[in-house]
Amino acid sequence: MTRMTMKVLCIIMVCMLVAAPYAEAVSCSDVVNKLSPCISYLKNGGSVSAACCNGIKGLNAAAKSTADKKTACGCLKNAYQSISGIKADNASGLPRKCGVNIPYKISMSTNCNNIK
C-alpha cells in the first residue's frame with residue numbers, strides 16, 4: 001500500500017470513530033470519499049477538477065440538518081489535520097471555486113459546534 005492510501009484509510013477510521021455515536025446521514029467516510037479528488041488542488045492549487053467540485057456539491061447536498069453539517073465540519077477538520085501539505089487558502093476557497101455556499105469556513109479554527 002502507498003503512503004497516501006494508508007493516510008486515507010487512517011482518516012476514514014478516525015472519522016468513523018468520531019462520527020459513530022451520532023449515526024447521522026453524513027459520515028466521515030462519505031466526506032473523505034467525496035473530497036478525495038480534491039487533495040491535489042488542496043496541496044498544489046491550480047484548477048479544480050470536475051470530480052472535486054462534484055464531491056463538494058454532493059457533500060453540501062447531503063448535509064441538510066444541523067447535525068449533518070456539524071459532522072461534516074468535524075470530518076473536514078480531521079482530514080485537514082491528517083493530510084500534510086494542505087494549504088489553508090486553497091481549503092477555505094474551495095467551495096467558492098466550485099460555486100457552493102457552505103455555512104462555515106473550511107479551517108482548523110472553525111468551531112463546528114457553532115454551526116446551525
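**View 1. The lining of the second largest cavity is made up of 11 nonpolar residues, 1 polar residue and 1 charged residue.** Here Ala, Val, Leu, Ile, Met, Phe, Trp, Tyr, Cys and Pro count as nonpolar, Asp, Glu, Lys and Arg as charged, and the others, Gly among them, as polar. The model is a predicted one, in which local features need pLDDT of at least 70 and side-chain atom pairs count only at pLDDT 80 or more, while totals for chains, interfaces and linings use all residues. Residues are numbered from 1 along each chain as its sequence is written, and side-chain values use heavy atoms, with hydrogens and water left out. Of the 13 residues that line the second largest cavity, Leu 59, Asn 60, Leu 76, Ile 102 and Tyr 104 lie nearest its centre. Helices α4 (50-62) and α5 (66-82) each contribute at least two residues to this lining. The second largest cavity holds about 120 Å³ of space, and the count of cavities of 30 Å³ or more comes to 3. A cavity is a set of points, on a 1 Å grid over the protein atoms alone, where a 1.4 Å probe fits but cannot get out, and lining residues have an atom within 4 Å of a point. Grid points are joined across faces, edges and corners, and a volume is the space filled by probe spheres set on the points.

**View 2. The protein as a whole contains 6 helices and 0 strands.** Helices (H or I, at least four residues) and strands (E, at least two) are DSSP runs, numbered from the N terminus. Of the 116 residues of the protein, 41% count as buried, a term that means under 20% relative accessible area with a 1.4 Å probe and protein chains only. Among contacts with a separation of 6 or more, 73% are between residues 24 or more positions apart, where contact means heavy atoms within 4.5 Å.

**View 3. Helix α6 (residues 88-97) has Asn 90, Ala 91, Gly 93, Leu 94 and Pro 95 as its buried residues.** The cover over these buried residues of α6 includes α3 (39-44), α4 and α5. Just after α6, Gly 99 takes a positive phi of about 70°.

**View 4. Cys 28 and Cys 75 form a disulfide, with their sulfur atoms 1.8 Å apart.** Cys 28 lies in helix α2 (residues 28-35) and Cys 75 in helix α5, so the pair ties together parts that are 47 residues apart in sequence. The link of Cys 28 and Cys 75 is left-handed, with -80° about the S-S bond, and both Cys 28 and Cys 75 are buried. A disulfide is a pair of cysteine sulfur atoms within 2.5 Å, and by this rule the count comes to 4.

**View 5. Cys 53 and Cys 98 form a disulfide, with their sulfur atoms 2.1 Å apart.** Cys 53 belongs to helix α4 and Cys 98 to the segment after α6, so this pair ties together parts that are 45 residues apart in sequence. The disulfide of Cys 53 and Cys 98 is left-handed, because the torsion about its S-S bond is about -80°, and both cysteines are buried.

**View 6. Cys 73 and Cys 112 form a disulfide, with their sulfur atoms 2.0 Å apart.** This pair links distant parts of the chain, with Cys 73 in helix α5 and Cys 112 in the segment after α6, 39 residues apart. Both Cys 73 and Cys 112 are buried.

Key
On a 1 Å grid over the protein atoms alone, a cavity is a set of points where a 1.4 Å probe fits but cannot get out, and a pocket is an open set with protein on both sides within 12 Å along at least five of seven lines; lining residues have an atom within 4 Å of a point. Buried means under 20% relative accessible area, exposed over 50%, partly exposed in between (1.4 Å probe, protein chains only).
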